[in-house]
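Here is my note on the model you sent. The points can be checked against the coordinates one by one.

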Amino acid sequence: MSAMPSRPVDVPFYQVGTRAVGNRLLDPALRTEQANPGRRNGLNSGHRACQGCGEALAARYVLDAANRATGGRLVTVNATGCLEVFSTPYPESSWQVPWLHSLFANAASVASGVAAALAAQGRDDVRVLAQGGDGGTVDIGFACLSGMFERGDDVLYVCYDNGGYMNTGVQRSGSTPPAARTATSEAVGPEPGALFGQGKDAARIAVAHDIPYVATATVAELRDLEAKVARAMEIRGPRYLHVLVPCPLGWGTAPGETVKLARLAQRSGFFPLFEAEHGEVVSSTPIRGRVPVEEYLRPQKRYAHLFGEPGRPDVVARLQAVADRNIARYDLLREG
Amino acid sequence: MDRKPFAITLDIASSLANHTGSWRSERPVYVDGLPPCSNACPAGEQVQQWLYAAEDGSYETAWRRLVEVNPFPAVMGRVCYHPCETACNRGQLDTAVGINSVERFLGDEAIARGWRLPDPEPPTGKRVLVVGSGPAGLSVAYHLWRRGHEVVVHEASARPGGMMRWGIPEFRLSREVLDAEVDRLVAAGVRIECDRPVTDLAGTMAAGRFDAAFLAVGAQIGKRAGIPAGQAARVLDALSVLFSVAGGERPQLGRTVVVYGGGNTAMDAARTARRLGAEEAVVVYRRTRERMPANEIELQEALAEGVQVRWLSTITQVDEGRLTVERMELDEQGVPRGTGVFEELTGDCVVLALGQDVDRTLLDTVPGLQVVDGVVQVDASMMTGAPGVFAGGDAVPSARSVTVSIGHGREAAGHIHAWLEPSQRREPATEPAAAVPVSFEQLNPWYFSDAPHAVRPRLEKGRLTGDFGETVLGLDEGTALYEARRCMSCGSCFDCDNCYGVCPDSAVLKIAGAHGYEIDLDYCKGCGLCAEECPAGAIVMEPEPG
């Protein structure tokens with residue numbers, strides 16, 4: 001019997017229902033881990049992430065949930081990237097969990113090694129969580145990740161996807177969405193920004209490995225995210241969690257809008273929330289209050305070229321088609 | 001000395017050494033905004049605050065917050081036209097919070113459980129005479145009593161309550177409820193002397209050694225209209241009808257009753273006529289529905305009971321069993337004017353509900369007290385031209401409702417207290433800034449769960465015109481709690497932990513054992529996520545000082 005909150009629980013109507021982080025009217029056991037005054041704060045204050053960093057927020061959300069699920073018996077492995085750079089300027093560390101960093105490409109391999117070492121010691125109580133950005137995961141570390149999946153290593157790999165190489169100057173990654181402007185996908189020519197047809201849907205590729213568990217999440221749906229981390233920790237073998245984390249710097253958005261943008265990504269269907277087990281999609285999170293994809297794109301300067309005069313309504317329509325396809329694929333408009 | 005690990009030259013340190021708060025150009029500040037419900041309440045209730053207490057089942061705390069302002073929650077929960085609900089921001093999300101029904105639940109709960117009013121301040125030795133025991137008179141008496149003054153209420157009629165007893169029909173306000181709330185006041189120590197009309201104010205004050213007086217004489221004389229009427233025509237006054245019914249009589253008005261006027265009294269009279277056996281009750285009103293002074297709720301309830309309304313009509317002649325009406329039209333200014341088109345209606349009697357005047361019998365004997373346009377003139381401190389003589393309720397210029405009168409009583413008590421205890425008078429240093437209520441746009445409504453109409457508790461209609469029993473029933477605890485919990489807490493923190501959760505820098509701290517949060521300025525970078533994600537709009541970003 002787990003005291004873990006799973007999906008938004010069916011409690012009598014409570015002011016903010018169960019959408020807010022906490023709620024004084026809810027049993028503490030039913031609140032999110034982030035509402036817990038004794039939460040681990042896996043990523044502590046004093047880190048040097050930008051104001052309003054979605055990745056810093058997501059890392060704390062994920063680690064605190066994992067910490068709760070494992071009773072604190074957790075080792076983390078970190079790829080190179082923003083997350084590593086802003087959290088560990090030598091000799092300071094923001095991490096309040098055991099934490100290893102090796103290279104940009106090999107977090108999945110190092111995590112496999114940690115899992116193997118623990119197995120060799122007979123320590124099946126300690127769980128391994130690897131984390132990296134979309135560059136380290138979807139591009140540079142992808143072979144290592146795929147190998148980890150294929151070998152069946154007992155690791156939860158978490159990708160914080162901000163859609164580019166942000167701390168090196170906002171270059172395009174394999175996770176940069178189409179039409180987004182980056183330093184290497186400029187907003188010029190008939191096909192401005194990142195090209196349609198390039199880039200990878202890492203979560204679906206993970207599903208194609210037929211691994212035990214794959215899920216997507218955002219920093220705007222905390223309960224959903226915590227439930228997925230908890231679910232992942234109930235399962236052994238390779239697991240993958242892909243978390244959308246808006247980046248004020250790279251996206252050209254106000255620092256205070258980070259959560260709102262993640263919410264709009266989900267509400268527009270542009271970033272679908274789903275879970276898959278052993279190669280099959282087993283659940284998706286229906287959209288509550290659908291918005292056109294334009295509402296998600298407009299506040300972001302990386303899409304500003306779509307909305308000037310004369311603008312590119314044709315490109316916006318192609319992006320809407322991406323969202324529509326997600327909505328159809330994961331049945332996101334069904335009554336939830 | 002410990003040897004450091006290989007290739008390590010510095011001690012391992014925590015990032016807490018890095019005070020990222022120095023990056024900040026704006027800082028989040030918790031505010032207490034003015035909720036629109038509280039802003040709209042004529043009685044001055046802090047609605048959001050008592051709802052907050054009710055939300056977790058602390059009904060007595062909620063009721064105590066209510067009676068800080070209003071000694072009659074159970075009455076108010078029945079007769080108030082609840083401008084709070086009209087102002088409620090939740091109306092822009094789905095439907096307004098049923099504030100009035102929660103108030104009634106709390107008021108009834110207090111009666112059922114015998115909760116007592118708070119203790120008064122120590123006696124001041126000052127005595128105040130209150131003339132009239134309607135809502136304004138009893139409210140001022142309550143608030144003066146709480147400040148330690150001795151209060152005696154003189155009531156001309158045989159029972160206390162004023163319009164709450166004699167004007168508002170029983171089907172809107174049960175007399176047991178009224179009696180319970182008035183009795184509680186009397187039990188606490190407010191003296192009400194019935195059958196004591198005051199005809200000589202100065203004499204009464206001297207005899208009773210009163211230091212101040214509050215006149216709450218109401219407006220109880222029905223206005224007459226010079227309608228030509230035949231010998232056998234029956235023309236009655238609405239207030240007289242309501243008074244006699246309230247006194248237990250059941251006057252026979254006839255099969256078809258015509259009520260002339262468009263205010264709340266007209267609605268009450270028409271609904272009363274239906275209960276007295278009239279098969280038809282027709283309201284004749286000279287303007288349109290949009291311009292009708294009656295409250296929309298009253299009109300709705302009247303229509304639901306089969307009351308008919310003839311808009312844009314005036315009565316020009318009344319005869320036995322029939323009357324003549326003229327069709328009206330509105331000119332550009334909205335003033336009705338005759339069209340010369342006449343019609344005949346049947347009607348066994350005509351009940352006039354054309355507004356009420358103040359009885360000047362006492363007023364004209366008070367030196368310095370001025371009556372203009374039929375109402376008592378008072379200054380900003382609610383004092384009449386006679387020093388130490390204050391006035392409020394329907395007798396002064398006002399919107400004339402129970403709620404407004406209760407607000408008058410509370411306000412006047414403050415002024416009378418300042419008059420009696422000049423040493424404690426606090427002059428406001430500056431005019432308070434015009435408070436702007438929190439708007440829907442300042443909230444983050446995403447977080448509020450959908451409360452679909454189907455789930456919203458609907459007040460059951462009782463048997464409608466069969467008798468004088470209350471037509472609107474109370475809520476059970478479950479639905480009252482549900483309603484309270486629909487409050488969006490506009491402008492006030494309600495401990496949802498969102499700020500605590502969404503801070504990427506863990507720079508929002510819970511205050512141990514207390515309500516609310518504080519910002520750790522050592523680490524807050526000023527990103528504004530907490531303010532943006534606060535459901536209640538209770539955090540604002542302010543420029544960093546200096």
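Predicted model: local features only at pLDDT ≥ 70, side-chain atom pairs only at ≥ 80, totals over all residues.

1. Overall form of chain A. Chain A has eleven helices and nine strands. Its radius of gyration is 19 Å, close to the 20 Å that the globule rule gives for 336 residues, so chain A is as compact as a globular protein of that length. Along the principal axes, the C-alpha atoms of chain A fill a box of roughly 65 × 50 × 40 Å.

2. Burial and contact range. Of the 336 residues of chain A, 58% count as buried. Among the contacts in chain A between residues at least 6 apart in sequence, 67% join residues at least 24 apart.

3. The sheet of chain A. Eight strands of chain A form an open sheet with mixed pairing, in the order S3-S1-S4-S5-S7-S6-S8-S9. Its edges are strand S3 (99–101) and strand S9 (280–284) of chain A, each of which pairs on one side only. On average, neighbouring strands of this sheet are turned by 20 degrees against each other, direction ignored.

4. One strand pair in detail. Strand S6 (residues 213–218) and strand S7 (residues 239–244) of chain A pair in the parallel sense, over six bridges. For a reference point when viewing this pair, A:Val214 stands opposite A:Tyr240 in S7(A).

5. Helix H9 of chain A. Helix H9 (residues 258–267) of chain A is mostly covered, with ten of its ten residues buried. The buried residues of H9(A) include A:Lys260, A:Arg263 and A:Arg267 as well as A:Val259, A:Leu261 and A:Leu264. H9(A) is followed by A:Gly269, whose phi is positive, near 85 degrees.

6. The largest nonpolar core. In soluble globular proteins, nonpolar side chains tend to be buried together. Which residues touch the most other members of the largest nonpolar core? Of the 214 residues in this core, they are A:Ala111, A:Tyr157, A:Val243 and B:Phe214. Helix H1 (residues 54–70) of chain A gives the most to this core, with ten residues. Neighbours within four places in sequence left aside, A:Ala111 is in contact with A:Val77, A:Val128, A:Ala130, A:Met148, A:Val155 and A:Tyr157.

7. Contact between the chains. On the side of chain B, 45 residues are in contact with 42 residues of chain A. The elements of chain B that give two or more residues to this side are strand S1 (13–14), helix H16 (498–502) and helix H17 (529–533). The residues on the side of chain B that touches chain A divide into 23 nonpolar, ten polar and twelve charged.

8. Strand S2 (residues 92–93) of chain A and S1(B) pair in the parallel sense over two bridges. Here A:Ser93 stands opposite B:Ser14 in S1(B).

9. Cis peptide bonds. The bond from A:Tyr90 to A:Pro91 is cis, with omega near 5 degrees. A:Pro91 is placed in the loop between helix H2 (82–87) and S2 of chain A. The bond from A:Glu309 to A:Pro310 is also cis, with omega near 5 degrees. A:Pro310 lies in the loop between helix H10 (293–297) and helix H11 (313–330) of chain A.

10. Positive phi at A:Asp210. This residue other than glycine has a positive phi, near 60 degrees. A:Asp210 is found in the loop between helix H6 (202–208) and S6 of chain A. It counts as partly exposed because 15 C-beta neighbours lie inside 10 Å.

11. Positive phi at A:His278. Phi of A:His278, another residue other than glycine, is positive and near 50 degrees. A:His278 lies in the loop between strand S8 (274–277) and S9 of chain A. Why does A:His278 count as partly exposed? The reason is its 13 C-beta neighbours inside 10 Å, since partly exposed residues fall between the limits of 12 or fewer for exposed and 20 or more for buried.

Terms used
Residues numbered from 1 in each chain as written. Chains lettered and ligands numbered in written order. Contact = placed C-beta atoms within 7 Å. Helix = DSSP H or I, 4+ residues; strand = E, 2+ residues; numbered from the N terminus. Nonpolar A, V, L, I, M, F, W, Y, C, P; charged D, E, K, R; others polar. Pairing = 2+ DSSP bridges. Axes fitted to C-alpha atoms, helices over the stretch in contact; angles between N-to-C directions. Rg over C-alpha atoms; globule rule 2.2 N^0.38 Å. Core = buried A, V, L, I, M, F, W, Y, C linked by C-beta atoms within 7 Å.
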